[in-house]
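This briefing covers charge pairing, the strand arrangement and the nonpolar surface of one protein model. The structure comes first, then the notes by topic.

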Amino acid sequence: MDSHTGDKQSLNEALKGDGSTAVTGSENVAIGRSSLRDTTSGNKNVAVGKNAGTSVETAAQCTLIGYQAGDGLTTGNYNTAVGADT
């Protein structure tokens, strides 16, 4: 057994969110557990941080950086949130 298996698993989870929903949008980037978790058809969103953009469904071209940044955002375009709980 590889002694770094746990580390690799953590890295994969960080890069894909939690993988709990199927995303039909395109060109989204989600880095952090549950980031962009609820995205359905949103496009060109960037979320970095645990729970960043968790509730985003159809919003497009949003930038959300920080722990729970934009976590209450569901729709709308061109939103920017930087910092924890913004």
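In this predicted model, R37 and D38 form a salt bridge whose closest N and O atoms are 3.1 Å apart. A search of the whole structure finds one such bridge. The points below take up the two partners, then the sheet, then a surface patch.

**Salt bridge**
- Side chains of opposite charge can pair when their charged atoms come close.
- D38 is partly exposed, at 24% relative accessibility.
- R37 also counts as partly exposed, with a relative accessible area of 29%.

**Sheet**
- Four strands make up an open sheet with parallel pairing, in the order β1-β2-β3-β4.
- The edge positions belong to β1 (29–31) and β4 (80–82); each has a single partner strand, so one side of each is left without a neighbour in the sheet.
- From one strand to the next, the twist averages 5 degrees.
- Strand β2 (residues 46–48) pairs with β3 in the parallel sense, over three bridges.
- Within this pairing, V46 stands opposite T63 in β3.
- Strands of a sheet pair through backbone hydrogen bonds, either parallel or antiparallel.

**Nonpolar surface patch**
- V29, I31, V48, I65 and V82 form a nonpolar patch on the surface.
- Together these residues have about 370 Å² of accessible area.
- One of them, I65, lies in strand β3 (residues 63–65).
- I65 is partly exposed, its relative accessible area being 38%; this passes the cut-off of over 30% that applies to patch residues.

Terms used
Residues numbered from 1 in each chain as written. Predicted model: local features only at pLDDT ≥ 70, side-chain atom pairs only at ≥ 80, totals over all residues. Heavy atoms only, no water. Salt bridge = Lys/Arg side-chain N within 4 Å of Asp/Glu carboxyl O. Buried < 20%, exposed > 50% of the residue type's maximum accessible area, 1.4 Å probe, protein only. Patch = residues over 30% accessible without salt bridge, like charges linked within 9 Å, V, L, I, M, F, W, Y side chains within 5 Å. Areas by Shrake-Rupley, 256 points an atom, 1.4 Å probe, with all protein chains shown as cover. Helix = DSSP H or I, 4+ residues; strand = E, 2+ residues; numbered from the N terminus. Pairing = 2+ DSSP bridges. Axes fitted to C-alpha atoms, helices over the stretch in contact; angles between N-to-C directions.
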